[in-house]
Amino acid sequence: MFRILVLHGPNLNLLGIREPAMYGVQTLSDVNMAIGQLARREGIHVEVRQSNHEGELVTWIQETRGQFQALVINPAAYTHTSVAIRDAIVAAGLPTVEVHLSNIHRREQFRKRSYIAPVSLGQISGFGPMSYLLGIQAALDYLRMRESDERKELKKP
Ligand code: DQA
């Protein structure tokens with residue numbers, strides 16, 4: 001069974017209350033419930049965590065080694081500042097999908113730069129809570145393709 005870690009960065013614990021016009025009215029537990037439903041439908045294990053602390057996110061990313069096959073992360077404000085999170089992703093060598101609720105490319109200039117995107121498989125931005133579901137789906141698709149390529153490789157004479 002594939003194991004995917006979903007990380008929510010700072011201030012995402014305030015979803016539903018925080019800038020609802022920008023981030024919507026669904027709470028973090030609503031989002032996590034939808035993630036749980038997707039995981040059951042796909043027959044995968046998804047673990048979800050949230051932290052307001054950069055170092056804690058870094059530690060969790062480091063600890064994925066041997067525990068998870070992919071990472072889906074909304075680094076929130078750390079997207080635009082954190083070399084530490086970027087380096088942790090590279091060190092963990094984990095296929096990563098970066099997700100955002102809002103479309104960071106149609107907002108302030110400082111949000112357009114992501115330290116995480118260059119070390120990710122890709123970025124999904126602007127679809128509200130659906131961004132997480134699309135991100136998990138993309139990570140899962142990547143893992144399934146990789147597994148089927150490895151099987152084909154093994155069968156070669
Ligand atoms: C966000 C976008 C970031 O720029 C912002 O700092 C957030 C949330 C999003 O999901 O749209 O906290 O990551």
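Reader: Which residues surround the ligand?

Author: A residue is near a molecule if one of its heavy atoms lies within 4 Å of it. In this predicted model, the ligand is surrounded by Arg18, Tyr23, Asn74, Ala76, Ala77, His80, His100, Leu101, Ser102, Ile104, Arg107 and Arg111. Residues are numbered from 1 along each chain as its sequence is written, and side-chain values use heavy atoms, leaving out hydrogens and water. Local features need pLDDT of at least 70, side-chain atom pairs count only at pLDDT 80 or more, and totals for chains, interfaces and linings use all residues.

Reader: How many residues of that shell are nonpolar, polar and charged?

Author: Ala, Val, Leu, Ile, Met, Phe, Trp, Tyr, Cys and Pro count as nonpolar, Asp, Glu, Lys and Arg as charged, and the others, Gly among them, as polar. The shell has five nonpolar, four polar and three charged residues.

Reader: Where does an oxygen atom of the ligand lie 2.5 Å from a polar side-chain atom?

Author: A polar contact is a pair of N or O atoms within 3.5 Å. At Ser102, a polar side-chain atom is 2.5 Å from a ligand oxygen. For Asn74, a side-chain N or O atom is 2.8 Å from an oxygen atom of the ligand. His100 also has a side-chain N or O atom 2.8 Å from a ligand oxygen.

Reader: How much of the ligand's accessible area does the protein cover?

Author: Accessible areas come from the Shrake-Rupley method with a 1.4 Å probe. On its own the ligand has 320 Å², and the protein covers 99% of that.

Methods
Polar contact = N/O pair within 3.5 Å; in protein donor to acceptor, adjacent residues only side chain to side chain.
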